[in-house]
Amino acid sequence: MPTASFIERRGQLETYFDHTAFDAWSRLTSNAPVGSIRATVRAGRDEMRSTLLHWLPDDLRGLRLLDAGCGTGMLAVEAARRGAHVVAIDVAPTLIALARERMPKDLGAGNVELHVGDMLSPGLGRFDYAVAMDSLIHYRPQDVVRALSRLAGRTARSVLFTFAPRSPALAAMHAVGRIFPRSDRAPGIVPVTEQGLRKLLSGEPELRHWQQRRTQRVARGFYTSQAMELASA
Ligand SMILES: C[S@@+](CC[C@H](N)C(=O)[O-])C[C@H]1O[C@@H](n2cnc3c(N)ncnc32)[C@H](O)[C@@H]1O
């Protein structure tokens with residue numbers, strides 16, 4: 001069972017991404033023009049997505065990948081184009097509906113199965129890879145580590161995720177999605193230092209056979225996020 005604080009935050013995120021931020025996310029994840037601030041966020045997100053995809057094998061044919069908190073499905077589509085069978089899940093039904101609408105007809109050898117629900121749902125099955133791009137950044141670090149251990153428990157090779165790195169310079173920006181007007185603001189991002197996160201990961205019993213490998217920070221204007229790879233030992 002996820003912790004009570006995870007469930008509470010998930011409910012807030014569902015409301016936020018399903019209603020409040022739907023139009024902003026729809027635009028941000030399209031080619032439509034955006035203002036200069038959001039353009040930096042779009043560029044940062046593009047760089048992060050390509051970093052995570054670069055950490056996966058070029059050839060994903062025959063492999064199962066979980067896109068945990070897939071939003072409008074951008075990463076899922078790219079992974080499927082490399083041949084993966086992608087299970088893409090998001091707690092926001094409207095984003096999944098948009099992902100479905102935008103899904104290209106031809107994904108070659110790959111495909112994407114879209115679901116509305118919690119990324120930790122046991123019914124999703126087992127995977128070779130799991131990727132959580134910016135979908136755990138609003139949870140308490142303790143809940144993030146618990147969630148990662150649950151994802152790792154059903155993943156054979158690696159779990160890729162991002163966190164919001166904490167540093168004094170970034171504190172102001174992280175104070176709450178300031179790229180959006182006040183009424184549109186997301187439940188606060190919860191920054192964590194890399195060192196603090198590594199310590200929590202090392203202390204998680206169910207991750208004892210998992211290695212903390214690559215990490216890469218992406219900082220572009222109003223977007224800052226850090227990718228990390230957990231690999232099965
Ligand atoms: C910042 S968006 C990123 C979306 C996508 N990964 C991307 O990079 O475009 C975070 C997404 O995570 C989803 N999310 C948060 N917690 C979730 C959970 N427990 N299960 C499924 N989706 C979740 C939100 O609904 C939202 O769509």
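Predicted model: local features only at pLDDT ≥ 70, side-chain atom pairs only at ≥ 80, totals over all residues.
**A buried helix face and an enclosed ligand**

In helix α5 (residues 93–102), the buried residues are L95, I96, L98 and A99; buried here means under 20% relative accessible area, with exposed set at over 50% and partly exposed in between, for a 1.4 Å probe and protein chains only. Viewed along the axis of α5, these buried residues fall within an arc of 160°, so they line one face of the helix. The arc is taken from the directions that run from the helix axis to the C-beta atoms. The partners of the buried residues of α5 are α1, α2 (22–28), β2 (85–90) and β3 (111–116), where contact means heavy atoms within 4.5 Å. Helices (H or I, at least four residues) and strands (E, at least two) are DSSP runs numbered from the N terminus.

Residues are numbered from 1 along each chain as its sequence is written, and side-chain values use heavy atoms, with hydrogens and water left out.

The ligand comes next. Around it stand 19 residues, the closest being R45, G69, D90, M133 and Y139; a residue is counted as near if one of its heavy atoms lies within 4 Å. By type, this shell divides into ten nonpolar, four polar and five charged residues. For this division, Ala, Val, Leu, Ile, Met, Phe, Trp, Tyr, Cys and Pro count as nonpolar, Asp, Glu, Lys and Arg as charged, and the others, Gly among them, as polar. Helix α1 (residues 4–20) gives the largest share of the shell, four residues.

Which backbone atoms does the ligand meet through nitrogen? A polar backbone atom of G69 is 2.7 Å from a ligand nitrogen, one of M119 is 2.9 Å from a ligand nitrogen, and a backbone N or O atom of M133 lies 2.8 Å from a ligand nitrogen. Taken alone the ligand exposes 600 Å², and the protein buries 97% of that; the areas come from the Shrake-Rupley method with a 1.4 Å probe, and for residues only the protein chains shown count as cover.

G69 itself sits in the loop between β1 (64–68) and α4 (74–81). Beyond four places in sequence, G69 touches I89, D90, M119, M133 and S135.

T29 belongs to the loop between α2 and α3 (36–54) and is buried, with a relative accessible area of 7%. Its side chain reaches the backbone oxygen of W25 at 2.6 Å, and a polar atom of that side chain lies 3.3 Å from the backbone oxygen of S26. Such polar contacts are pairs of N or O atoms within 3.5 Å; within protein, one must be able to donate a hydrogen and the other to accept it, and residues adjacent in sequence count only if both atoms are side-chain atoms. Apart from neighbours within four places in sequence, T29 is in contact with R45, T72, M74 and R102.

Finally, D134 lies in the loop between β4 (127–132) and α6 (141–152) and counts as buried at 13% relative accessibility. The phi of D134 is near 60°, a positive value in a residue other than glycine.
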